[in-house]
Amino acid sequence: MYDFIYYQVRDVMVSNPVTVTRDTLLSEAEAIFARNDFNGLPVVDESGRLAGIVTKLDILKAFVFTGKLKVPPYDAIMAQKVSRVMTENLRSVEAETPLTRVLNKMIETGHKSFPVVQGEMVVGIVAREDVLKALRWAAEGQPPARLAGPMGENEM
């Protein structure tokens, strides 16, 4: 289990994740969620820089019932842009971030995933499932692949 301390985000993250822009419609984001069972989608600007994240919960928030609207108009809400519901001030991590720190951040914040950035550019996403996978690998005695083998064993 001690091998977990050697794992970094880059060892388990999904590289080149599916992203959306601020102008993506909620219906398009929801379709991506339905096809892929993602927790969240990084929102990027035209240069690929991280602008925010949109989650399934964000889309649900667009449907909050109010005194004025007893039944939210589904088609009208789903025709709105991601920019209306996305989270802009978010936490991100770098590929070299230790997974122990990501695990703590997930527990503290309740977030299901974090965008992975290099500078301001989105290079991946790391989710709860990825951290659980690394915990399982560590329990099985598997060091991160980048440290495995004759050279890697000496590095630990």
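1. Asp75 counts as exposed, because its relative accessibility is 62%. Here exposed means over 50% relative accessible area, buried under 20%, and partly exposed in between (1.4 Å probe, protein chains only). Asp75 is found in helix α3. Helices (H or I, at least four residues) and strands (E, at least two) are DSSP runs, numbered from the N terminus.

2. A word on the basis. This is a predicted model, in which local features need pLDDT of at least 70 and side-chain atom pairs count only at pLDDT 80 or more, while totals for chains, interfaces and linings use all residues. Residues are numbered from 1 along each chain as its sequence is written, and side-chain values use heavy atoms, with hydrogens and water left out.

3. Aromatic pairs next. A search of the whole structure turns up three. Rings of Phe, Tyr and Trp (its six-membered ring) pair if their centres lie within 6.5 Å; planes under 30 degrees apart count as stacked, over 60 as edge-to-face, and the rest as tilted. Phe63 and Tyr74 are stacked, because their ring centres are 5.7 Å apart and their planes lie at 25°. This pair links distant parts of the chain, 11 residues apart: Phe63 is in the loop between α2 (56-61) and α3 (74-78), and Tyr74 is in helix α3. Phe63 is buried at 17% relative accessibility. Tyr74 is partly exposed at 47%.

4. Other ring contacts. Phe4, Tyr7 and Trp137 are linked into a cluster by ring pairs. The charged end of Lys105 sits over the ring of Phe114, 5.7 Å from its centre. That label requires NZ of Lys or CZ of Arg within 6 Å of the ring centre and within 35 degrees of the ring normal.

5. Strand β6 (residues 121-127) is largely enclosed by the rest of the structure, because five of its seven residues are buried. Strand β5 (residues 113-118) pairs with β6 in the antiparallel sense over six bridges. Two strands pair if DSSP finds at least two bridges between them. Gln118 stands opposite Met121 in β6. The hairpin of β5 and β6 has two residues between the strands, and Gly119 there takes a positive phi near 70°. Strand β1 (residues 14-15) also pairs with β6, antiparallel, over two bridges. Val14 has Ile125 as its bridge partner in β6.

6. Strand β2 (residues 40-44) is mostly covered, with five of its five residues buried. Gly40, Pro42 and Val44 lie on one side, Leu41 and Val43 on the other. β2 pairs with strand β3 (residues 50-55) in the antiparallel sense over five bridges. Gly40 stands opposite Thr55 in β3. The two strands form a hairpin with five residues between them, and Gly48 in the turn has a positive phi of about 90°.

7. Which residues of helix α1 (residues 26-36) are buried? Leu26, Ala29, Ile32 and Phe33 are. They are on the same side of α1, because they cover an arc of only 120° around the axis, taken from the directions from the helix axis to the C-beta atoms. Ala34 and Arg35, on the other side of α1, are exposed. β2, β3, α2 and α3 are among the elements that cover the buried residues of α1, where contact means heavy atoms within 4.5 Å. Asp37 follows α1 and has a positive phi, near 55°.
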